[in-house]
Amino acid sequence: MSLLHLAILLPFLSAVLIPFLFKGFRNIHTGWFVLLVPLVLFIYFIQYLPLTSDGNTVTKTFEWIPSLGIDFTAHVDGLGLLFALLITGIGSLVVLYSIYYLAKEKEALHNFYVYLLMFMGAMLGVVLSDNLIVLYMFWEFTSISSFLLIGYWYDRERSRYGAQKSMLITVFGGLSMLGGIVLLYIMGGTFSIQELINMSESLITDPLFVPALLLILLGAFTKSAQFPFHIWLPDAMEAPTPVSAYLHSATMVKAGIYLVARMSPVFAESGLWLWLVAGFGIITLFWGSFNAVKQTDLKAILAYSTISQLGLIMSLLGLGAAALHYDQLDDNIYMIATIAAVFHLINHATFKGSLFMMVGIVDHETGTRDIRKLGGLVNLMPITFTIAIIGSFSMAGLPPFNGFLSKEMFLTGMLSVFELDLFNLSTWGVLFPVLAWIASVFTFVYSIKLVFKTFLGKPQFDKLPKKPHEAPIGMLISPIILVSLVIIFGFFPNLLSNSMIKPAVEAILPSLVDSGQTVDVNIYFWHGFTPELFMTIGIIAVGALLYATLAKWQGIYNRIPERFTLNGMYDAGLSLSEKGSLRLSNAYMTGFMRTYLVYIFSFFVAILLSTLLIKDGFAIDTTDLAPIEFYEVILAIILVASAVTVIFAKSRITSLIAVGAAGYTVALFFVLFRAPDLALTQLVIETVSVSLFLLCFYHFPRISRNIERIGFKLGNAVISVLVGLTITLISISSFSSRSFESISQYHIDNVYDLAAGGNMVNVILVDFRGFDTLFEIAVLAIAAMGIYAMIRYRAAGGKEE
Amino acid sequence: MLTTILYISLAVITLSMLGVLYRVIKGPTAPDRIIALDALGISLISIIAIFSALLRTSAFLEVILLFGILAFLGTVAFSKYLEKGVIIQRDRNE
């Protein structure tokens, strides 16, 4: 196990210590101890930067289950390192923020930090694992820890609802992904992503390729809150704000993005991939930004904004796959989509993290997140306001912040669709830039609304639960660092380009690097008078107009009835499936033994008869039959007569006697077929059991004792006839197709020589196969003790009789 | 010759069994049925004995003995039941 593995597992290992630290040092906020973990990891991972920016990768393997091909292989390349830095860097900031956000007196901090560290380790595992099964393991760890974190205030009903919803949706996706992983293993014979990438050309022709692609994408889409699986994210906002900032903006929701980026080299040659990833991305982008405008809760705005921005990154990753089809271009314009995706990924983590923290501050200092109660906070909270305005303007894509740069590149990427001439993109592809532009307008509107409604406008402090004031400095440090990054990346984007973006893009598009194209990341403000610039101007103009007239057109959101929203459908689907399963199980679990017997016998008949028919198994062969003697015929008639009497007898006592008669006739058969031991036993047993039946009959309650014959039911009759028929047919067939001699000759030859006995039946029972006898004795003993116990301890509650 | 006689006696016993069986089914009172069942058991004993002779084996003599015991026990148990209402009494001193 190398240092790299220890780094990934460090959060898990340190999580074990948290409860002790919490109990042992009550005076110190537990977060201070936790802060060390992501800081150390961040510094550790920074050291990999020079390595990956030169295009090198580091792979360390630790054997876990080598016989199944499951090894804990850590693979650090540009993409993995970018995510690792995001996770640890923003992790440090979030932990710092949470120290001031969560009070050590009131909150169960040990729970919080254990979950958070578990999540951090899981995320690191996801982004740094090369083995798909290990990746899946960490993936589920993120789902579980996210579930725990969303439900952190578990006494609130909404928290539990949100936690359950996110759990159901992400685990559904996770399981689909596992299916995809298994399919990939079947195709490629390995769980290693890097080896699969090398095989991608042979994989694409495999019939399992498309199912694997769909299943993997399902996992990625549910995790990254893509349409229509985005509905869990707004409900996950019941989590504490540091959790929302960390999980639901910067890291976990990007796990799906990571997966898509990571699997791109395997799948991206397929047109289906391009269409699905880009198409769902752009729909998510539009739908998220459209819905964000109507929200009144600050965190809900940010949640929908996150959804929409994730859709943006996803659609860029999808379109970036087009670059693979143009190997020969000197200046590959499609590569810009991938570059923009990676760049925006970083930008989004910075500004969205700061915005969530800003909202947390507002919530913390005013007591509400409702945008209708807020307003005019600018003079009271100037620093928070500055953070908010930088974050929002970056989110809206305004210069001079980093959001502007990635927005421009995004538009460039979307416009490049016009020049694509594959997968029918030339016809429907026009929707991409149009939807992208409309979504950007809505993005502008909600970004402006977020700042202006909260901080500007008329102060209405009497509506607020608390008297607002500026946050303590400790709470402000993290968002300030993040918005500084927003500005720094805005002015000096090329700080990132060679160190982080280029290696990441090379990891997403390895085949281009192989074919000799260089990834040239050069981000600059001024493009000249390009269509992108005019689109941005249009976004600002239309967006400002829409914001000014917001009150007039906001009504359209209420036109969509609750039932037809995705949340409504989810809730209805959930309750419908619950009711449906309840009704289903009530329908067949009647509680009557006779119904279950009908099921059992019907299946018995259906399975056996159909097998007999399909396999053409019926055979009849009369060569081996013995001659029939006349007394056998008579006995058989008596047997049948008593059986018929059992069924059609008018009273129970007659049935009972008929059962006894049948038993005795069987004993006579044993005599005829020369089985004296059997006959003896059968006689005694029959006598005993008939008297037991009589005993039962004697103790019947008066009312039911005189019930006349059983009523006739056609279904029962049909089933019983069919069962009899089945057994008869099978007996005849098995007798007719006997394939070898029985082994009884051995017993006949050796019964005296080896076992010193004359009675062969008894010798078999106690010598040749004595084990069976032993356990039949055990059965009888158990039955006897059971009867004794039932009679003796009849009284309820174990009271003795 | 012997075989023929055996078959004939078998048929006769079967006929007598049928008669007894009629009494078992029809028998107006319980004692009628019990006596009939006892007789049926004895007839069965003879059938088994004749079969042993037919099959030329002595392996079924135990069955005959057992049948005798069972028939006796059953009849006694039934009679006790009719007499006292129970078969096995709890209180021995009564």
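Reader: How much area is buried between chain A and chain B?

Author: The size of an interface is often given as the accessible area lost when the parts come together. Here the area is summed over both parts, with a 1.4 Å probe. Between chain A and chain B about 1600 Å² is buried, and carbon and sulfur atoms give 87% of that. This is a predicted model, where local features need pLDDT of at least 70, side-chain atom pairs count only at pLDDT 80 or more, and totals for chains, interfaces and linings use all residues. Residues are numbered from 1 along each chain as its sequence is written, and side-chain values use heavy atoms, without hydrogens and water.

Reader: Which helices of chain A supply at least two residues each of the side that touches chain B?

Author: Helices are DSSP runs of H or I, at least four residues, numbered from the N terminus. In chain A they are α28 (630-648), α29 (652-672) and α30 (676-698). The largest share, eight residues, comes from α30(A).

Reader: How many residues are in contact?

Author: Contact means heavy atoms within 4.5 Å. By that rule, 17 residues of chain A are in contact with 15 residues of chain B.

Reader: How many salt bridges are there between chain A and chain B?

Author: A salt bridge needs a side-chain nitrogen of Lys or Arg within 4 Å of a carboxyl oxygen of Asp or Glu. The count between chain A and chain B is zero.

Reader: What does UniProt annotate in chain B?

Author: UniProt annotations may be inferred rather than shown by experiment. The unreviewed entry gives "transmembrane region" for residues 6-25, 34-54 and 60-82 of chain B. Residues 6-25 of chain B are 100% helix, with end C-alpha atoms 28 Å apart.

Notes: Chains lettered and ligands numbered in written order. Buried area = accessible area lost by both parts, 1.4 Å probe.
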